[in-house]
Amino acid sequence: MKQKDISPKKLAMVLEYDGGNYCGFQYQSNVPTIQDRIEKALNKVCGEKVRIKAASRTDSGAHALGQVIEFVTDINREAKVWTDALNYYLPWDIKIQKTYEMPLEFQSRGDAISRTYRYSILNRVNPSPILYNRTAWVKQELNIENMKQAANYLIGTHNFRLLCGQVPEGKSTCREVKRWDIWREGELVLIESEANAFLPHQIRRTNGVLVEIGKNYISPKTMQDLLEGSIITDRSFPTLPARGLCLMEIKYRDQIS
């Protein structure tokens, strides 16, 4: 039975989900989203409407191992009880991994110092039904060394205006990238990027250019030209599918995940 406390508490939860059945994290009317499912489960646990905030608004079909959400409550329960109770009402493809009590001023989005995403590519002749919902499939063998060379241009603070989706007028398209690592594990090519924050579709569009470079269609220097805004081309670069993208970790100064 829930017990009311005098003072409100800020709870943060580390969340794992398969995004294949959802139209992204953020709530939308008349379509399934991660936020909607969590808030419905919280309403059952708390007996009242609860609104959550998240560190990152993942795309439709994208996954997460380390998403962080927050909400305020005056219900007094131990962290494990919160985790177990919420998981009871959540579907199989959304589960809480840990719960923490945080200071009331904690902001899952604003206090994050970096976000890490991993993009998985199945690089072999034939596609895989088993891995379809976890990877993008590229039939042509990718030149990893050329992709790494191009990725080096991404490190540091750059204007990603030509490598992102539409952003609101007046919003900066500059981001600080800490790393953009690429490696091969058997038939998988993995691309892991860490930055202070990411723009809409920035990772999938940037990795789409890296794949074109890996196919030897364009030079690694094309990435530098795109960042500098000096490229003049009618070429349309692909945006990789969201199903290959996974939010791995959100970092804070006082680590909670």
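Modeller: Helices are DSSP runs of H or I with at least four residues, strands are runs of E with at least two, and both are numbered from the N terminus. This is a predicted model: local features need pLDDT of at least 70, side-chain atom pairs count only at pLDDT 80 or more, and totals for chains, interfaces and linings use all residues. Residues are numbered from 1 along each chain as its sequence is written, and side-chain values use heavy atoms, with hydrogens and water left out.

Colleague: What do lysine 80 and aspartate 84 form, and how far apart are the closest N and O atoms?

Modeller: Lysine 80 and aspartate 84 form a salt bridge, with 2.6 Å between the closest N and O atoms. The term covers a side-chain nitrogen of Lys or Arg within 4 Å of a carboxyl oxygen of Asp or Glu.

Colleague: Why would two side chains pair like that?

Modeller: Side chains of opposite charge can pair when their charged atoms come close.

Colleague: Is lysine 80 buried or exposed?

Modeller: Lysine 80 is exposed, because its relative accessible area is 57% and exposed means over 50% (buried is under 20%, partly exposed in between, with a 1.4 Å probe and protein chains only). Aspartate 84 has 40% relative accessibility, so this residue counts as partly exposed.

Colleague: How many salt bridges does the structure hold?

Modeller: The structure holds 16 salt bridges. One of them joins lysine 10 and glutamate 70, whose closest N and O atoms are 3.0 Å apart. This pair links distant parts of the chain, since lysine 10 is in strand S1, glutamate 70 is in strand S3, and 60 residues separate them.

Colleague: And are lysine 10 and glutamate 70 buried or exposed?

Modeller: Both lysine 10 and glutamate 70 are buried. Another salt bridge is between the side chains of aspartate 36 and arginine 37, at 3.0 Å from N to O. Aspartate 36 is buried because its relative accessible area is 11%, while arginine 37 has 29% and so counts as partly exposed.

Colleague: Which residues are linked in a network of salt bridges?

Modeller: The network links Arg118, Arg179, Asp181, Glu192, Glu194 and Lys251.

Colleague: New topic. How many helices and strands are in the protein chain?

Modeller: The protein chain has five helices and 10 strands. Its C-alpha atoms fill a box of roughly 60 × 40 × 35 Å, taken along the principal axes. Of the 257 residues, 47% count as buried.

Colleague: What about the second largest pocket, and which residues lie nearest its centre?

Modeller: Tyr17, His63, Leu65, Arg134 and Cys246 lie nearest the centre of the second largest pocket, which is lined by 22 residues. Its volume is about 320 Å³. Among the strands that each supply at least two residues of this lining are S1 (4-17), S3 (63-75) and S10 (245-251).

Colleague: Last topic. Which loop holds histidine 201?

Modeller: Histidine 201 lies in the loop between S9 and H4. Histidine 201 has a positive phi of about 65° although it is not a glycine, and its relative accessible area of 32% makes it partly exposed. Asparagine 30, likewise not a glycine, has a positive phi near 70°. Asparagine 30 is in the loop between S1 and helix H1 (34-46), and at 80% relative accessibility it counts as exposed.

Definitions and conventions: On a 1 Å grid over the protein atoms alone, a cavity is a set of points where a 1.4 Å probe fits but cannot get out, and a pocket is an open set with protein on both sides within 12 Å along at least five of seven lines; lining residues have an atom within 4 Å of a point. Grid points are joined across faces, edges and corners, and a volume is the space filled by probe spheres set on the points.
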